[in-house]
Amino acid sequence: MGGRWYKRITMKTSREVYNTWAAHYDQNLATGSVPVSFDGYKDVLTETVLLANVQPGMSVLDLGTGTGNLAALFETLGCDLWGTDFSVNMLAIAHEKLPFLHPVLADLHDPAWPQTLDRRFDRIVSAYVWHEFDLDEKLGLLTNLIDRHLASQGRVVIADISYPDRTSRSLAHADWGRLWSETEYYWAADETIAACHSIGLGCSYRQVSSCAGIFVFEAEEHK
Ligand SMILES: C[S@@+](CC[C@H](N)C(=O)[O-])C[C@H]1O[C@@H](n2cnc3c(N)ncnc32)[C@H](O)[C@@H]1O
């Protein structure tokens, strides 16, 4: 299982891959049959919730919710939870686990989101998804989210495969060798923070595991 599964995610990921993975995703996490990039997964999710700093009743949108593991932590805090994913199978499992989740089938690449998302959320969160997008795509998505979907005083909290700076990312690349996916875009906090500041977006970063960290984004005037 481990070997076959590993080959699948080192290929360019796609909706089909995630649809197939959905049935095994939670079990793979529980048994550790996941790539090294999931190092510290549970700590990363826990820390994401802390950085989101929610109050009961807040609306929370989880992008790429998968089987709902991050969303589940917000549900226990009394949030009004929304989860998007482009994999119908992932979303079905999330909804089964979290009956109060509002599930929305949506592709983050698609500029036309379903009408039901045409509103603002107190918090927008995401875990282990944005490495699908290069830095320009990340910035475009963030700008759109903050302009159109984030409540005033809200924040966007993104956890993902990430390094403090370009140097440490290059070192990890060399160290991982063939385990490194050449079709994914792992974050480097130094370049992300600089790029965000250049477009008036506040950004802070916390490294959580050897290969994952969390970004908090806020419109600069709200900081
Ligand atoms: C590695 S899983 C992470 C799931 C969950 N956030 C977690 O932390 O366990 C990545 C998820 O992102 C979804 N995803 C990837 N690319 C997407 C896109 N372009 N639009 C919407 N969902 C996407 C996948 O279907 C999958 O459920």
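The loop between β4 (121–127) and α6 (135–148) contains tyrosine 128. In this predicted model, tyrosine 128 adopts a positive phi of about 60° although it is not a glycine. Most residues other than glycine have a negative phi. Tyrosine 128 counts as buried because 21 C-beta neighbours lie inside 10 Å, the threshold being 20 or more.

A positive phi is also found at glutamine 153, where the value is about 70° although this residue, too, is not a glycine. Glutamine 153 is part of strand β5, which covers residues 150–163. Glutamine 153 has 9 C-beta neighbours inside 10 Å and therefore counts as exposed, the limit for that class being 12 or fewer.

Helix α2 comprises 17 residues, 15–31. From the first C-alpha to the last, α2 reaches 24 Å, close to the 24 Å expected at 1.5 Å a residue. Just after α2, glycine 32 takes a positive phi of about 75°.

Definitions and conventions. Residues numbered from 1 in each chain as written. Predicted model: local features only at pLDDT ≥ 70, side-chain atom pairs only at ≥ 80, totals over all residues. Helix = DSSP H or I, 4+ residues; strand = E, 2+ residues; numbered from the N terminus. Expected span 1.5 Å × (residues − 1).
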